[in-house]
Amino acid sequence: MKPVYDVVVIGSGYGGAIAASRMSRAGKKVALLERGKEKWPGEYPTELKDCLREVQYSSPKSQFGNKTGMFRFFNGNSQDALVACGLGGTSLINANVALEADDRVWKMNVWPDEIKNDCESIKRGYDRAREMLEPREYPSHYPELPKLKTLEEQAKSLGEDFSKNFYRVPITVTFEDRINAAGVRQYASTLTGNDCTGVNDGSKNSTLMNYIPDAWNHGCEIFCECDVLRIKKCERTGRYIVFYEWLDDNRTNFAKESHNAPFFVIAKTVFLAAGTLGTNEILLRSSAYGLKVSDRLGKGFSGNGDILGFGYNLDHFVNGIGSGKIDPDKMKAPVGPCITGVIDMRHDVDDVLKGYVIEEGVVPPAMGKSFQIVLKSGSTIIGAKPENLTYSESAARRWRQVKSAFGGYYTGATSHTQTYLIMSHDDNTGQLELVNDRLNIEYKGVGASDTVKRLNKVLEDATKKANGTYIPSPLWTKPLGRGLVTVHPIGGCSMGNDGKSGVINHKGQVFVGNSKDVHEGLYVCDGSIIPTALGVNPFFTISALAERICEYAAKDRGWSINYELVGSPIDYNKPLVSNEHNEPDLVKRPRNHELEGGISFTEVMKGYFSTEILSADYVTAERQAKSADSTMQFLLTVIAYNADTLVDMDDHSAIITGTISCRALSPDPLLVTRGKFRLFIPETDKVDSNRMMYNLNLKATDGRKYRFKGYKLVKNGKMREAWEQATNLYVTVYLREDGEEEDLDEVNVTQEEEEEDTRKIIGRGILQMSPFEFLKQLTTFKATGSNDLSKIKAMITFDDFFATTMLKHVFVRFLPLDYPDQKPVPKPFHHKCRPKKSVYEITADDGVKSLLFRYQGGRKGPILLVHGAAMSHEMWSTNLIKKNFLDFLLEHRYDVFLVDYRLSPTNPACKDQATLDDISLDQAAAVKKVQEVTGVKKIGVIAHCVGSITTFMGLLDGKIDGVGCLIGSQVAMHPILGFWNNVKMHLKILPIWRYVFRQTDFDVKTSPNANLLNKVVDQLLRFYPVSRSQTCRNALCHRASLCYGTLYQHENLNQQIHDNQHTFFGTVNLTTMQHLHTVAQKKLILNHQGQNIYAKPENIRNRLNFPICLIHGEENVVFDIMSTKKTYDTLRMINGEDNYVHHAIDKYGHIDCWWGTNASKDVFIKALDYLEETQHLWGYNAGQPKKDYRDSSSSDD
């Protein structure tokens, strides 16, 4: 449904269908909203069990049943009502009688003056309705109907006054195969008499067969299962906002949420035609919400003087029960349409209020058995039996009762029962009101009136003259309060001259309060507008008034209604007029998506939304919103038109429709005008993670537009964590400008991209789902398809994909291992062009050669980057992350050097055993070469892990000279291992590997073709103990964890770098590892012999008295954070605090401080700040005044 139309019509009975047809013929874009479902002939119920499924019951105290059921029963005070619900309204189950109101009715004072003085417009209304509905009498050449013949005989028995007023009534039934006035093919009546539950032979001229298809043929868009709740007028625009609840089977499981968070559609003109009871309910609720209407609303209700009675066990064969599924040709006689004859007692009385009509009726076959029981018991308890019967007459009556008891309701006494229907005049003093937000009918004493008693007496006389027992309506008994039931409720929104005398004017426009002013675009055009009982079936008069109202509505706006009949059969594949076009804001089925084997479900989530916290800190936003009680909730329905497509397509997408309630954004619910859901999209910025994404375009009732982006992040963890991840939605809402269209197809959005333009962000929050709501959600899963097999397949496909994906994240340790050579070639990120690379060969004092690389990005620095153990300089320059540290420094105009020392897998010396003491010689050679090439006395060094340890060693023993600034990453002078590394050290795993298994090295890289020992190790390492949510399937990751401990927090890495670590890691040097164990045991850097020749106070005082920054991830499990803190404290204790800084990086581990997706914001910037703060003390800028590098006017070139 589009969010805005020219005209919205509420209801599809006579008034609504006429308004939809006429406004569409006037060239307007029209939406028709119907509470019930669309059902066509062949789909209507005939058996009791099917009928009971279609019943909905409503009273002030309770409401139950199917809210879209065809039969809607209202239990009031002394007055009950039965109406229909479905596309076609009450025309689906009415008795088809098309009689005009008595001319004197129009002269009654209850009508506005314009009605009383404008008979021609009423006549035009009748004529136009007659042209479309095509009523006719039961044909004389058709088979004789026993019930019709019986009524005629009863009229004669009552006397001349009655017999002269008997005639065959015009009914909206087709008696030959034909194309009707709307171009719809109809078929001749098979005379089943099933009118009251829906005629399945296609002969009933309901609005579903004429006005509604005519409306569709002229461009009207029809939406079923839309229960309109209320109407609001937007004072700013003058347009009307129609709030409705979508009664989809999935959403009714969340009845409260669905009712409280309705959809809406906007129009300049609204025709309210939801039936008398529906229209009054909508306007009463609208009034409670602030719409100004007359105080007369709900007053002047009438049951149209409806009286029901039964003539039981007559002498005449009546055949008054519908044939149901029985072939009419096999019946003793045809039943015929529900009503075919009338005794019209309106015209011979002086007082129009004493007029009435008597019509015969048909009992639905679904009620046959219960009807038989009611007749039997009713004849004994409340029946008025015939008197002065002869013996043979009494015997015949008893025999018919016996036949009925054994032969069923198509035989004996039941088949000799006439159903009477009377329409008369009551006093129109009933009242409709809302009680507990439900409609209540209050009409005390209506059944105790003299008119009701008099007319029941007439029926009793007619019955007794046919030697039958008269049984009044069971409700019309003293124990049940003399209540009545009506199928023709009218009034409550009556016409009047002003708001004091009525609710609408003669044109159907709703009065503003009690004044003569009207809501220009708000019309009512159903039975509720009639201010008096008509004494006859009302639908034809309702149709005439609706035609008149449409005529005036078009005339007032300068619209022209084309009344010319279509003249040709309707083409259901191509209407004459179509308003369908590419709407950017429209939830609709994607093109080329098959409807076969689809899946849908409904979801409710509730939480808190902050308009104060605009950063991507969702937890803080939630806390702030809780403090302000700023809530948000949604009720969304996800629809995948093909389950295979949802699972197999790369973006796993489906559409979303629904509403969002958030007072911070709108006082009314926000409508999802277009939405896309994606199921388990691989999260490229995080390892082994999937997102469930919700991208929605929202529209508020005041016209403002928003963009809702939400995601659930599912990653590896325990079952409890998986539950939390699947039920927590992280929400961001953006403001959308007019004409601005954003791509709903975007899949992965980084946090950095989320924060690029905070000017458009309205707020953030977190929504959650309770276990109870989750259980209800499970009941909403529904498969669609042409047959049960396709539905089952769709459900299995979806369930398998969902469960498999979730369980993979829970039981990741048991999944097949991932090996590097099984992965596709990584796709590097695009980076800016780097300066030309220079390569230098350096030689350490022990003769080992290494390579030094230079990228001269400017005249800052120079900086030497030193990698960790078993890694190359690619650690700093990899293009597998969006922003690496090398390019970060180059962007800030630094002259950067990178060394591949002897532990680098690219250095041939990596195969030789080396101690930490040996490695420090490489760092000394590198520093010396940088000084030589640049000509500076003091350079900056950034060293990671083993590179940091060996740099500190070289500085402390004097081998490294000329460092003016040092940033040490994760460890420094005091190697203190994490818990599990300590455990491994005490378990002597390294000596076992080296001396028991006689291995000289340990290669972090592995493959499925590794030797038996490594295969066993790979399998055992599945169960290597890691902290929360750090499990994965990567065999290299497991082996690296064995060597060093878990090197990163998985959620900080992107998938590419995690899958391709083999491009960085090399063979682990066991001598180096043994030396590391030695220093770790003492928690102090020592030489290979275990002597403390480095971290002596005098060395620290004399050689480390320059700017040093230490960076450590708080979640680092390789080296405990106390490692760098102890070094930091030692430096400050010996040299004072001026030169030293320590940064604990929240939520980071070891190497993710340099490889993390968001490391450029969280870590790089801290390193850069320190370099810039101290650059006046070393390098190219040594001795120059201190400058603020954020000042763009300063230049370092």
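## Close-up views of a predicted model

View 1. Being 4 residues apart in helix H13 (residues 450-464), Glu460 and Lys464 are separated by about one helical turn. Helices here are DSSP runs of H or I with at least four residues, strands are runs of E with at least two, and both are numbered from the N terminus. Glu460 and Lys464 form a salt bridge, with their closest N and O atoms 2.8 Å apart; the term stands for a side-chain nitrogen of Lys or Arg within 4 Å of a carboxyl oxygen of Asp or Glu. Glu460 is buried at 16% relative accessible area, while Lys464 is partly exposed at 24%. Buried means under 20% relative accessible area, exposed over 50%, and partly exposed in between (1.4 Å probe, protein chains only).

A quick note on the model: it is predicted, so local features need pLDDT of at least 70 and side-chain atom pairs count only at pLDDT 80 or more, whereas totals for chains, interfaces and linings use all residues. Residues are numbered from 1 along each chain as its sequence is written, and side-chain values use heavy atoms, leaving out hydrogens and water.

View 2. The structure holds 54 salt bridges. In one of them, the side chains of Glu245 and Lys67 meet at 3.6 Å, N to O. Glu245 belongs to strand S12 (residues 240-246) and Lys67 to the loop between strands S4 (63-65) and S5 (71-74), 178 residues apart. Glu245 is buried, with a relative accessible area of 2%; Lys67 counts as partly exposed at 23%. Another salt bridge joins Asp556 and Lys507, whose closest N and O atoms are 3.0 Å apart. This pair also links distant parts of the chain, with Asp556 in helix H14 (residues 539-557) and Lys507 in the loop between strands S22 (484-486) and S23 (509-511).

**View 3. Strand S37 and its two partners.** All 7 of the 7 residues of strand S37 (residues 894-900) are buried, so the strand is largely enclosed by the rest of the structure. Tyr894, Val896, Leu898 and Asp900 point one way, and Asp895, Phe897 and Val899 the other. Strand S35 (residues 849-856) pairs with S37 in the antiparallel sense over 6 bridges, and Arg854 has Phe897 as its bridge partner. Strand S36 (residues 860-866) pairs with S37 in the parallel sense over 5 bridges, with Ile863 opposite Val896. Two strands pair if DSSP finds at least two bridges between them.

View 4. Gly322 sits in the loop between strand S15 (307-312) and strand S16 (341-344). Is this glycine buried or exposed? Gly322 is buried, with a relative accessible area of 0%. Setting aside residues up to four places away in sequence, Gly322 touches Thr192, Gly193, Asn194, Val335, Val362, Val363, Pro365 and Tyr410; contact means heavy atoms within 4.5 Å.

**View 5. Ser379 in helix H10.** Ser379 is found in helix H10 (residues 368-381) and is buried, with a relative accessible area of 5%. Beyond its neighbours within four places in sequence, Ser379 is in contact with Tyr312, Val374, Lys385, Thr469 and Ile471.
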